[in-house]
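Dear colleague,

Please find below the structure that I am handing over to you.

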Amino acid sequence: MSKNALTLGTWNVNSLRVRLPHLAQWLATSPVNVLGLQETKIVDADFPAADIERLGLAGGWHGQRTYNGVALLAKEPVLDLVRGIPGYDDEQARVIAGTVRGVRIIDVYVPNGQTVGSDKYTYKLAWLERLRDYLAAEMARHPLLAVVGDYNIAPTDADVHDPKAWEGQVLVSEPERGALGALQQLGLVDVFRRFEQAERSYSWWDYRAGALRRNAGLRIDLILASSALAERCTGCWVDVEPRRWERPSDHAPVVATFDLTADEPIRT
DNA sequence: ATGGCTAACATGGTTAGA
């Protein structure tokens with residue numbers, strides 16, 4: 001692997017307090033050196049900064065009580081941290097951005113939406129419009145841009161274990177996929193699909209009804225990259241292993257590697 | 001089978017997740 005490899009991960013930990021041991025165990029073997037977390041569920045004053053530092057990570061966090069919360073961490077300095085979407089007075093802590101080795105990284109926890117037509121669904125679609133405007137501006141400022149996180153949208157039916165059962169439901173509905181498509185139309189690429197993947201690859205499995213055992217999952221945790229960055233992507237995978245551990249998050253981490261040394265884009 | 005499981009806040013039962 002190149003010395004200038006950026007190994008970028010995203011993980012919805014569903015409570016950082018509960019999942020700190022999982023994070024430690026994962027980092028013991030994972031090559032990840034930049035990591036976006038979602039659903040930290042912890043206020044900034046209580047963020048376990050010392051524990052994170054012991055894991056060799058530093059960066060920024062943006063949390064709130066009980067719900068949501070994101071963190072952008074790395075084994076090297078994270079510069080120019082920005083919390084939330086500038087100009088959007090959102091009381092929910094869902095976005096943090098920073099720069100690592102010249103790559104702008106935006107970590108997002110997209111609203112769940114609960115059910116199609118609910119108030120939360122309306123909020124989700126409005127929120128995604130604000131995200132699109134933010135990303136359009138950031139794309140213009142940062143040629144090397146990654147947008148990682150829990151999108152709470154399965155891009156296509158290939159990302160859904162039972163498309164028939166899920167048809168029209170929240171996380172797969174047409175308006176949600178349209179909103180994700182609008183992000184892709186900005187030039188952002190779902191790098192997971194740039195590589196051959198096993199069929200039925202997912203990143204989230206319900207805690208209930210033996211969903212993991214049946215591989216009844218969805219791929220909703222994504223790494224999107226600007227074209228200049230996507231051209232430098234050398235791999236992308238879901239790391240299912242932490243989902244199999246005791247008391248797991250319901251999400252598995254997703255990782256992508258980028259070779260930043262190349263003067264010329266890498267052909268894949 | 002409209003259930004199943006987990007976490008926060010609270011301390012039993014609700015809200016939320018996806």
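In what follows, two strands are said to pair if DSSP finds at least two bridges between them. Helices (H or I, at least four residues) and strands (E, at least two) are DSSP runs, numbered from the N terminus. This is a predicted model, in which local features need pLDDT of at least 70 and side-chain atom pairs count only at pLDDT 80 or more, while totals for chains, interfaces and linings use all residues. Residues are numbered from 1 along each chain as its sequence is written, and chains are lettered from A and ligands numbered from 1 in the order in which they are written.

Chain A as a whole

Chain A contains seven helices and 14 strands. Its radius of gyration (taken over C-alpha atoms) is 17 Å, close to the 18 Å that the globule rule gives for 268 residues, so chain A is as compact as a globular protein of that length. The globule rule is 2.2 Å times the number of residues to the power 0.38. Along the principal axes, the C-alpha atoms of chain A fill a box of roughly 45 × 40 × 35 Å. Of the 268 residues, 43% count as buried; a residue is buried if 20 or more other C-beta atoms, placed from the backbone, lie within 10 Å of its own, exposed if 12 or fewer, and partly exposed in between.

Six strands make up an open sheet of mixed pairing, in the order 5-6-7-8-12-9. Strand 5 (79-83) and strand 9 (189-190) are at the edges with a single partner strand each, so one side of each has no neighbour in the sheet.

Strand 5 runs antiparallel to strand 6, joined by three bridges, and Leu79 is found opposite Thr99 of strand 6. Strand 6 (residues 95-100) is in turn joined to strand 7 (residues 103-109) by six bridges, again antiparallel. Here Gly98 has Ile105 as its bridge partner, and Val100 has Val103. These two strands form a hairpin with two residues between them, and Arg101 in the turn has a positive phi of about 50°. Five of the six residues of strand 6 are buried, so this strand is largely enclosed by the rest of the structure.

Strand 7 and strand 8 run parallel and are joined by six bridges, with Tyr109 partnered by Asp150. Together with helix 3 (residues 119-141), they make a right-handed β-α-β unit; right-handed here means that, with the strands pointing away from the viewer, the path from the first strand over the helix to the second runs clockwise. In strand 8 (residues 145-150), six of the six residues are buried, so the strand is largely enclosed by the rest of the structure. Strand 8 also pairs with strand 12 (residues 221-225) in the antiparallel sense, over five bridges, and Ala146 is opposite Ala225.

Ser203

Ser203 is located in the loop between strand 9 and strand 10 (204-205). Ser203 is buried, with 27 other C-beta atoms within 10 Å. Ser203 and Arg243 are 40 residues apart in sequence, with their C-alpha atoms 9.0 Å apart in space.

Yours sincerely
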